[in-house]
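Hi,

Here is the structure I promised to pass on.

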Amino acid sequence: MQLVLIFFIACLGLVIGSFVNVVIYRTLTGDSPLKGRSYCDKCKHLLAWYDNIPLLSFALLGGKCRYCQKKISLQYPIVEFTTMVLFLWWYLVGFAFFRLTQEPLVYLQPLFWLTVGVLLLIIVATDLLSYLIPDYAVFGLGLLALLYRSYLIKTGIMNPTDLTRALIGSLVLAILFAAIILLTKGKGMGWGDVKLVFVLGLLVGWPRLVVASFSAFFTGAVVSLFLLAVGKKRFGQTIPFGPFLILGAVIALLWGNAIWEWYWNLL
Ligand SMILES: [Zn+2]
């Protein structure tokens with residue numbers, strides 16, 4: 001029974017993942033994600049239902065369009081797979097992780113982080129594909145973070161000062177990022193990153209937002225140096241910073257407090 005349920009959750013994740021792909025693609029083209037059926041982005045041929053089965057169609061077609069034989073972007077299977085992993089995490093880890101809290105938080109908390117995960121995935125994909133951080137995803141994240149934190153405060157799980165600290169910390173980070181843009185004339189990052197760092201700060205809170213931004217700069221620098229070394233990028237070329245901010249936020253959420261304490265013990 002348990003296995004059937006896990007299989008069902010994985011399939012649900014794949015189906016949502018393939019919708020997330022449509023959202024990402026149409027965010028970049030400017031079309032509505034709810035309009036019309038899917039078509040091949042190379043030859044514009046309408047896709048049949050059996051061309052659209054998450055992961056399976058890609059594997060069976062060998063990663064090529066059935067009609068024009070051109071390569072299908074790896075974005076599709078990667079996003080489908082990642083969404084499936086998020087759903088499995090939600091079901092297998094999320095519920096157990098939050099089991100101590102009272103109802104209805106037992107359901108709301110994992111659901112909140114699942115939605116956050118999907119929105120972050122959209123931002124990573126659009127930023128990697130065309131240096132775009134869509135406003136709807138950032139505002140959605142911000143609104144969710146505020147609602148979630150307000151609810152935690154109302155139920156007495158979180159201190160109101162935590163929210164004040166998170167707000168101040170996020171604002172300072174955003175101002176810092178804006179200053180970097182003005183000083184470097186927008187070479188290192190864009191205004192989308194400023195909005196994103198503010199919202200991520202709200203999401204992870206103080207002091208984890210410090211860990212998040214340091215991790216973002218550190219991993220960003222390491223990857224940039226690596227790309228320069230292997231000749232994939234030339235000096236002065238930019239790489240999208242949003243994915244590193246999100247990676248930093250994930251690191252901060254998982255190990256933020258431990259890293260923070262380790263750092264202060266070091267001093
Ligand atoms: Zn095609």
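How do the axes of α4 and helix α9 cross, and within what distance do they come? Before the answer, one reminder: this is a predicted model. The two axes come within 8 Å and cross at roughly 150°, with α9 covering residues 242-266. An angle over 145 degrees counts as roughly antiparallel, so α4 is roughly antiparallel to α9.

On the α4 side of that pairing you'll find Trp-113, Leu-120, Ile-123, Val-124, Asp-127 and Leu-128, and they meet Gly-242, Pro-243, Ile-246 and Leu-253 of α9. Sorted by class, this contact has eight nonpolar residues, one polar and one charged.

Then there's α7. Helix α4 (residues 105-130) and helix α7 (residues 191-204) have axes that come within 13 Å and cross at roughly 160°. That makes α4 roughly antiparallel to α7, and the crossing is left-handed. Here Phe-112, Trp-113, Val-116, Leu-120, Ile-123 and Asp-127 from α4 meet Asp-193, Leu-196, Leu-200 and Leu-203 from α7. The class count for α4 with α7 is eight nonpolar, no polar and two charged residues.

Now the domains. The assignment for the protein chain gives domain 1 as 1-85 and domain 2 as 98-267. Their contact takes nine residues from domain 1 and ten from domain 2. The C-alpha centres of the two domains lie 27 Å apart. Between them, domain 1 and domain 2 bury about 790 Å², and 87% of that is on carbon and sulfur atoms. Which residues of domain 1 lose the most area to domain 2? They are Ile-24, Thr-27 and Leu-28, which together make up 52% of what that side buries.

Two backbone details to check while you have the model open:

- The peptide bond from Trp-206 to Pro-207 is cis, with omega near 0°. Pro-207 sits in the loop between α7 and α8 (208-229).
- Leu-55 has a positive phi of about 60°, although this residue is not a glycine. You'll find Leu-55 in the loop between α1 (2-29) and α2 (56-60).

That's what I have so far. Over to you!

Cheers

Definitions and conventions:
Residues numbered from 1 in each chain as written. Predicted model: local features only at pLDDT ≥ 70, side-chain atom pairs only at ≥ 80, totals over all residues. Heavy atoms only, no water. Axes fitted to C-alpha atoms, helices over the stretch in contact; angles between N-to-C directions. Helix = DSSP H or I, 4+ residues; strand = E, 2+ residues; numbered from the N terminus. Parallel < 35°, antiparallel > 145°, perpendicular 65-115°, else oblique. Left-handed = near helix turned anticlockwise from the far one by under 90°. Contact = heavy atoms within 4.5 Å. Nonpolar A, V, L, I, M, F, W, Y, C, P; charged D, E, K, R; others polar. Domains from an automatic or database assignment. Buried area = accessible area lost by both parts, 1.4 Å probe.
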